[in-house]
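Hi,

Here is the structure I said I would pass on. Have a look at it first, and then read my notes below.

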Amino acid sequence: MDHMSEELEQLKGFTPYDLMEHLRQSGFSEWRCSMCGHETINIIGTAEQLFFFQMKASLTDTESDTRGFDVAMAVCDNCAHVHLYSCQDLVKKLKQKDSKASESSEKGE
Ligand SMILES: [Zn+2]
């Protein structure tokens, strides 16, 4: 039952540094905790891998709902507020960027 989603497979080797790069390209300028404004936020992972954690639906409008989110986390060093990044949406965004990047490099040739 230890099945890894297709999206997770695509984020193997994706590091906290890569997440930072993605955030910068998405308009991020500096770390600010969304709750307290503190500037030190710890991304959970190692230099080799950004860690993802499963959040499963426990109550929805559907019986035996199997949906869930795989999320990366960044925790505020000051107030402990947890910032979550959706694996599925991260993969979607990265794919959009990839297709835009390959379009512009094709035009450049
Ligand atoms: Zn905070």
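Let's start with S64, which sits in the loop between β2 (53-56) and β3 (68-76). Helices and strands here are DSSP runs (helices: H or I, at least four residues; strands: E, at least two), numbered from the N terminus. S64 counts as exposed because it has 6 C-beta neighbours inside 10 Å. The cut-offs go like this: a residue is buried if 20 or more other C-beta atoms lie within 10 Å of its own, exposed if 12 or fewer, and partly exposed in between, with C-beta atoms placed from the backbone.

Before you go on, remember that this is a predicted model: local features need pLDDT of at least 70, side-chain atom pairs count only at pLDDT 80 or more, and totals for chains, interfaces and linings use all residues. Residues are numbered from 1 along each chain as its sequence is written.

Next comes A80, in the loop between β3 and β4 (82-86). A80 isn't a glycine, yet its phi is positive, near 75°. With 10 C-beta neighbours inside 10 Å, A80 counts as exposed.

Now the whole protein. It has three helices and four strands, and from the N terminus on they run α-α-β-β-β-β-α. Along the principal axes, the C-alpha atoms fill a box of roughly 50 × 35 × 30 Å. Of the 109 residues, 9% count as buried.

Last, the contacts (two residues whose C-beta atoms, placed from the backbone, lie within 7 Å). Among contacts between residues at least 6 apart in sequence, 63% join residues at least 24 apart.

Cheers
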